[in-house]
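Visitor: Please show me the model. I would like to go through its helix packing.

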Amino acid sequence: MVGLSGLDSKKYQAILNFRRQLPKSPSGCIISEHIEVCNKQIDEYGELAVNRLTQTPKEFSEAELQEIISLYQAGKATRELGEMFKVSKNTIGRLLKEQGVEITRSKAQAKLNAKKAISMYEDGFTSTQIAKQLGVGAQTILRCLKNHGVTIKSRWDYEQK
């Protein structure tokens, strides 16, 4: 390490540390080939860095898949199922599609009492307040109101507290 600046010395040490972490490579294999495979590289500060994070999808057993399908067909929303199985609603939707289940646009909208939502909105409740009381998302309330021809208020249309 004679003649290396402080930063160069740190980079050299980081490269050596990185090289020690790599599995024993076949002869003729260079570090740069392993960096692509390992998704790691040495950054400008001489530290080991990861290019991108990858997430391994959760594996479901056949029993879990059948439970997800039956609950969905019984009226549970993908959001609710996602919370139950600790995955995103998009993962549930993808699984259902892979299993050949027809996905409806919004289960929450289908079971929403539109007359009650409209009445509450006209009485001055916000979409968020209505959503909490009816157990759905605020966007579901807004979509319902728009579908029934209700003019959506801006935040300034409400009385200030």
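Guide: Buried means under 20% relative accessible area, exposed over 50%, and partly exposed in between, with a 1.4 Å probe and protein chains only. This is a predicted model: local features need pLDDT of at least 70, side-chain atom pairs count only at pLDDT 80 or more, and totals for chains, interfaces and linings use all residues. Residues are numbered from 1 along each chain as its sequence is written, and side-chain values use heavy atoms, leaving out hydrogens and water.

Visitor: Within what arc do the buried residues of H7 fall?
Guide: Buried in H7 are Ala-114, Ala-117, Ile-118, Met-120 and Tyr-121. They line one face of the helix, because seen down the axis of H7 they fall within an arc of 165 degrees.

Visitor: How is H7 oriented to H8?
Guide: The axes of H7 (residues 114-122) and H8 (residues 127-134) come within 10 Å and cross at roughly 140 degrees. Angles under 35 degrees count as roughly parallel, over 145 as roughly antiparallel, 65 to 115 as roughly perpendicular and the rest as oblique. So H7 is, relative to H8, oblique.

Visitor: Which residues of H8 does H7 meet?
Guide: Contact means heavy atoms within 4.5 Å. From H7 come Lys-116, Ala-117, Met-120 and Tyr-121. In H8 they meet Ser-127, Ile-130, Gln-133 and Leu-134.

How values were computed:
Axes fitted to C-alpha atoms, helices over the stretch in contact; angles between N-to-C directions. Helix = DSSP H or I, 4+ residues; strand = E, 2+ residues; numbered from the N terminus. Arc of directions from axis to C-beta.
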